[in-house]
Amino acid sequence: MKLTIIISAGVVAAISGFLLWPVGQQTSALDPVASAEAAPLARVSLPDNLSQNAQIGKIGFEAKCANCHGANAAGTEGIAPPLIHKIYEPSHHADESFQRAVSLGVRAHHWPFGNMPAIEGLTRGDVTMIIAYIRELQRANGIN
């Protein structure tokens, strides 16, 4: 049992360090100061607790996604949509949609924010954890 806890803690620490490690210039031309000042687009109720995968995903989301999609995926006025929205429910945007958006970018089709560039420095595994975080936030907000 202790070995499992030690290994799990090591994995979480390694993933956290990897996700928080600077990767150089972002591909987006967005101004981080402007995005921090922009208003969120959705009210997001937080779940009482997150699974271990969602906790890891939250770290990745905050490192790679929150600058545009806002804290807790609430979206950012004039920059990026809320992911806590029924448009992104699993039956309309399956997990693979998120994987493809991160790896290939996505052409604007639901919102007037423009195209999303591919996001560098995330593996499929990283994105799987981020999706776990987003899905748990969605469920806490009645999006199934």
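This is a predicted model: local features need pLDDT of at least 70, side-chain atom pairs count only at pLDDT 80 or more; totals for chains, interfaces and linings use all residues.
Entry one, helix α5. I looked up which residues of α5, spanning residues 95-104, are buried, and I found Phe98, Gln99, Ala101 and Val102. I then checked how they are placed around the axis: they cover an arc of only 165°, which puts them on the same side of α5. For background I noted that an α-helix has 3.6 residues a turn, so residues three or four places apart point the same way. Next I asked what these buried residues of α5 pack against, and the partner is α6, residues 124-140. Past the helix I came to glycine 105, which follows α5 and has a positive phi, near 80°.

I searched the whole structure for aromatic pairs and the search gave 3. One of them joins tyrosine 88 and phenylalanine 98 in a tilted arrangement, with 6.3 Å centre to centre and 50° between the planes. Because tyrosine 88 lies in the loop between α4 (66-69) and α5, while phenylalanine 98 belongs to helix α5 itself, this pair ties together parts that are 10 residues apart in sequence. I looked up the exposure of both partners: tyrosine 88 is buried, at a relative accessible area of 11%, and phenylalanine 98 is buried with a value of 11%.

Technical notes. Residues are numbered from 1 along each chain as its sequence is written. Side-chain values use heavy atoms; hydrogens and water are left out. Buried means under 20% relative accessible area, exposed over 50%, partly exposed in between (1.4 Å probe, protein chains only). Helices (H or I, at least four residues) and strands (E, at least two) are DSSP runs, numbered from the N terminus. The arc is that of the directions from the helix axis to the C-beta atoms. Contact means heavy atoms within 4.5 Å. Rings of Phe, Tyr and Trp (its six-membered ring) pair if their centres lie within 6.5 Å; planes under 30 degrees apart count as stacked, over 60 as edge-to-face and the rest as tilted.
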